[in-house]
Amino acid sequence: MKPLTCEAAVHLANDQLTGLLPVADRAAFEGHVAGCNDCSCLMDQLQSTVGLLRSRPQRHPSDSVRAMIADMDSGRAELLTAQLPHLYALASALDADAADDLVQETVASALADPATDTSGPGLAAALERLAAMPLPDVQSPVAPVPGMDPDADAAEVFYPDFYTDGPDAGAWVNPPVAWGEARVLSPDDALVTVETYSAVAAALTKLDPVDVGLLSLVDIESAPLSRAVIELGLSPDEARERLARARFAVRAALDRELRR
């Protein structure tokens, strides 16, 4: 089998992280990473990024939300209660300061209208609409922005410094810098921990709500991608692509924070 280039490894990194890489590709990927310090460093950073997403402090239902659910009939109350962890994870990712209000308003709308869709996708969509109301311009821009790749290579979107000016360089131009475990998250260093979580939160607020939903389900709640595909109404290929881009966006935000 032909050895992988760094470019190909970047494309495969997300599927490896999610456990979706076929056995044959996995062997080639692991062989490349074992012999490439730069790609090994990038993979460590992606794993640390997912670990940070997963370890963010969890929000718990407020007393008012619990009281509202208690007023529902038992069937709907049970369905809604099962969705609360996902709703809080999504609300915290979209707007941490308003998470309780967003969940409470979502629950209130479900309580006010018996016809409200209380499935995972229905409630998530309702919460996302509420979160978007104060900020109608948070959607991803259509026009190119500075630093965008003119030929739209996916790998370059994931890591902008990947290529030289020539086509398909296949090697790192500006290699990832090792963060070191102590700089990523240290329970004994409250300042570093708070600043790191703040960088993650800031990165999440800049993502499309659908991408936040993916990270919320797959990385924050540890749900399989197959569940996220159903709940968010995406095709498997689109979900994998969007998840990769979202993870790389958070990783890039952490990189800027930890290199300061």
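How many residues does helix α5 have, and how far does α5 reach from its first C-alpha to its last? In this predicted model, α5 has 21 residues and reaches 29 Å, close to the 30 Å expected at 1.5 Å a residue; the expected span is 1.5 Å times one less than the number of residues. Residues are numbered from 1 along each chain as its sequence is written. Because the model is predicted, local features need pLDDT of at least 70 and side-chain atom pairs count only at pLDDT 80 or more, while totals for chains, interfaces and linings use all residues; side-chain values use heavy atoms, with hydrogens and water left out.

The chain contains 13 helices and zero strands. Helices (H or I, at least four residues) and strands (E, at least two) are DSSP runs, numbered from the N terminus. Of the 260 residues in the chain, 45% are buried, where buried means under 20% relative accessible area, exposed over 50%, and partly exposed in between, with a 1.4 Å probe and protein chains only. Contact means heavy atoms within 4.5 Å. Among contacts with a separation of 6 or more, 72% join residues 24 or more positions apart.

A nonpolar core is a set of buried Ala, Val, Leu, Ile, Met, Phe, Trp, Tyr and Cys residues joined through side-chain atoms within 4.5 Å. The largest such core has 52 residues, and Val103 and Val107 have the most contacts inside it. Helix α5 (residues 74–94) gives the most to this core, with ten residues. Apart from its neighbours within four places in sequence, Val103 is in contact with Val65, Leu84, Leu87, Tyr88, Ala91 and Leu127. A second, separate core has 15 residues, including Leu12, Val33, Leu42 and Phe248.

Helix α5 bends by about 40° at Leu84, and a proline, Pro85, follows within four residues. The bend at a residue is the angle between axes fitted to the seven residues ending there and the seven starting there. Helix α1 also bends by about 40°, at Leu12. This helix has 13 residues and reaches 19 Å from its first C-alpha to its last, close to the 18 Å expected. Its buried residues include Cys6, Leu12 and Asp15. Just after α1, Gly19 takes a positive phi of about 80°.

Asp15 lies in α1 (residues 6–18). Asp15 counts as buried because its relative accessibility is 11%. Leaving aside neighbours within four places in sequence, Asp15 is in contact with Leu20, Leu21 and Arg240.

A disulfide is a pair of cysteine sulfur atoms within 2.5 Å, and by this rule the count is zero. The sulfur of Cys36 is 3.7 Å from the closest cysteine sulfur, in Cys39, so the two are too far apart for a bond. Cys39 is in no disulfide, and the nearest cysteine sulfur, that of Cys6, is 3.7 Å away. Cys36 counts as buried at 11% relative accessibility, and Cys39 counts as buried at 5%.

Ala228 is found in helix α12 (residues 225–232). Ala228 counts as buried because its relative accessibility is 0%. The C-alpha atoms of Ala228 and Leu217, eleven residues apart along the chain, are separated by 6.2 Å. Beyond its neighbours within four places in sequence, Ala228 is in contact with Leu214, Leu217, Val218 and Gly233.
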